[in-house]
2 protein chains.
Amino acid sequence: MGTEVDVAVIGGGIVGLGIAWEAIRRGHTVTVVDPAPGTGATHAAAGMIAPASELHYREEHLLRLTLDSASRYPEFLDSLAWAGMDSGYRKTGTIVLAFDGADRRALADLQEVQTLNSLSVEQVSLRQVRRSEPMIGPAVTAAFLAAEDHQVDPRRLAAALLKAVTSMGQLVSARASGIERTGDRVTGVVLESGEVLTAGVTIVANGLAAADLTGLPCRLPLRPVYGDILRLRVPAALRPLLTHTVRGLVRGSAVYVVPRDDGTVVVGATMREDGSSAVSAGGVYQLLRDAQQLIPAVAELELEEVLCRARPGTPDNAPLLGAVPDVEGLSIATGFFRHGVLLTPAAASACVDLLEGKPAPLGLERYRPNRFEEGQSCAK
Amino acid sequence: MGTEVDVAVIGGGIVGLGIAWEAIRRGHTVTVVDPAPGTGATHAAAGMIAPASELHYREEHLLRLTLDSASRYPEFLDSLAWAGMDSGYRKTGTIVLAFDGADRRALADLQEVQTLNSLSVEQVSLRQVRRSEPMIGPAVTAAFLAAEDHQVDPRRLAAALLKAVTSMGQLVSARASGIERTGDRVTGVVLESGEVLTAGVTIVANGLAAADLTGLPCRLPLRPVYGDILRLRVPAALRPLLTHTVRGLVRGSAVYVVPRDDGTVVVGATMREDGSSAVSAGGVYQLLRDAQQLIPAVAELELEEVLCRARPGTPDNAPLLGAVPDVEGLSIATGFFRHGVLLTPAAASACVDLLEGKPAPLGLERYRPNRFEEGQSCAK
């Protein structure tokens, strides 16, 4: 160990691998440190590239970043084409359904905000939507089309990224315990074994585990937001169940059904801050109940996988992204909450711009990792 | 191969292992043939030893067998004590709950039949039942106590039986393709490899797969009745969730919640004849929904395992148990449907009595394996 590389990335989830790949394709030497790449939140994620339907009140500022990232996806995926692995990118659009009157009102209100923000979300007649999606249930009361909201398969994308990164860079299958820092200068990664991996720039991208790294110049206020998520197989007689991604509000609860090319659908996802990393029986019940309200044939599917993972949340639910002021050789890329997959290309581009000394993208300042320690000195 | 043993048992589920153990402890040399013992219906079974609450209309004739078998359980388990493995036997009784008015009426009607058949099932006040089981939900309308309905943990019992059988007998880890028969005489088991295992008596106890064996003197009319079943873990704060086994009718659907000593509960089971061996999303939804109606805290449990297995059903839902007339050296023990665990000690005793030339137990004739081919000659 000790071999110097240009860039060490702590974390081999989709964000860490995306950053590593971006650095590699710009000519840097890169090492990723992760004992089990792609097995955390990435393994659970549904993979919606959905800036419009993911818009939440008071998070409008994120739109600049999410739209930028979504627009980067086609080129980002093209750069992986040589690896010969399909990432499940589908541009079929997202249909958003309302169940009862209150759900309809809430989605109509949201559409106003979406339209004010120049997002393409239009109400469509149920007759029209049933023509393309005949499996939509009879109790649905309204439908909206977010034509620009697409999807990728995070497991396949992570596998492609891992292949690319290990072909042209290095993977260290170990847990990072901290970063090596002397004053205002970070010089590498401390592994659990005590060994140090020396690097010109270290990028912290290991999700929730980032908060536990030693040597950080500021506290990373991450919290686990657990999500239960299901994979179901569509029997041959019901294929295709859906062509669009279908999301909806069912008596105020959000649920989505994401169809994959392999004949499965992903149904998700609960949001739990109850401290339990086990699959919740009540969570699974709620997902199956609400998904059936939108698509009754969900009852006829085969339940292949039931999973829980934690999303890394922050106090304002926006990422911790960028350099830490007055600290050299360090970038942070965590706290992506529900948006890890969506924001991967933008995060990758921003992190590599920073390490190359390019100016930070406009608006990135808002996500500075130390923003919750205002007025405090970071470099201790 | 070719080594002669007294008894060859095809099938290492709980019934096959139970028969093998009974034969071994009566001094016979035994070989069990199964590529994966204990992984079929046994792996899914909840393990209720419940003749009273399992009584179904028009199946009253089974009571003689189920009551006999339940009464054999304590001694049967005692005979395994030397193996030092607990089988999870619990004698805490079963509470049967009614959800709506129709469920209450149906259970009251059933109780009349149970009482006519001298079974101990008494209606108890909800106040009384909540005193011992405070987790019972507010919407329940009636409760009955079947104090004599107990439980065993089929996975643990199968493991104990397997240990006993492999210690004092032999396990051949192979699939049986048929039985070796010459006219009216069965002489052993044909393995998938073509090898023949010679035995004085061959016992067919491999569940649904029995129907596919070559060389059978009569057709075994088995059909798969699929069941979805769940294992959930009770968080420490909610323990014990239940002390009794709780069963119930919820708007006409049967559901049960069986507490285990290890802090888990088993929730089951659907009955599907749809030909799908995959876990049904609608089935899991229904189990979680109905279990929550009886025990709302089920929503707070951790969903550890979701499983589907097929029960071996027969045209009259009674087992195929006993010798085949005019055929020597053969017994059949399959088609136990929902009663495989319950009937294991009785089936084991009956099969070993038969091979020892003892008279068949009273009433066994009713379950003769060739009863669906009346008037036809069995030995071809």
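Modeller: Buried area first: it is the accessible area (1.4 Å probe) that two parts lose on being put together, summed over both. This is a predicted model, where local features need pLDDT of at least 70, side-chain atom pairs count only at pLDDT 80 or more, and totals for chains, interfaces and linings use all residues. Residues are numbered from 1 along each chain as its sequence is written, chains are lettered from A and ligands numbered from 1 in the order in which they are written, and side-chain values use heavy atoms, with hydrogens and water left out.

Colleague: OK, how much area is buried between chain A and chain B?

Modeller: About 1300 Å². Carbon and sulfur atoms give 67% of that. On the chain A side, A281(A), Y285(A) and L303(A) lose the most area to chain B, together 41% of what that side buries.

Colleague: How many residues does the contact take from each chain?

Modeller: 18 from chain A and 18 from chain B. Contact here means heavy atoms within 4.5 Å. The copies meet through the same surface, because 100% of the interface residues of chain A are also interface residues in chain B.

Colleague: How many salt bridges and polar contacts are there between chain A and chain B?

Modeller: Zero salt bridges. That term needs a side-chain nitrogen of Lys or Arg within 4 Å of a carboxyl oxygen of Asp or Glu. Six residue pairs are in polar contact across the interface, both residues at pLDDT 80 or more. A polar contact is a pair of N or O atoms within 3.5 Å; within protein, one must be able to donate a hydrogen and the other to accept it, and residues adjacent in sequence count only if both atoms are side-chain atoms.

Colleague: Which elements give two or more residues to the chain A side?

Modeller: α7 (281-294) and β16 (302-313) of chain A. Helices (H or I, at least four residues) and strands (E, at least two) are DSSP runs, numbered from the N terminus. The largest share, seven residues, comes from α7(A).

Colleague: Switching topic. Where does D274(A) lie?

Modeller: In the loop between β15 (264-268) and α7 of chain A. Its side chain makes a polar contact with the side chain of R272(A), at 2.8 Å. A polar atom of the D274(A) side chain also lies 3.1 Å from the backbone nitrogen of S276(A).

Colleague: Which peptide bond in that stretch is cis?

Modeller: The one joining G268(A) and A269(A), with omega about -20°. A269(A) is in the loop between β15 and α7 too. Another cis bond runs from R239(A) to P240(A), with omega near -15°. P240(A) sits in the loop between β12 (223-233) and β13 (245-250) of chain A.

Colleague: And what is the phi of S118(A)?

Modeller: Positive, about 65°, although S118(A) is not a glycine. Most residues other than glycine have a negative phi, and most peptide bonds are trans. S118(A) is in the loop between α4 (101-116) and β5 (122-124) of chain A.
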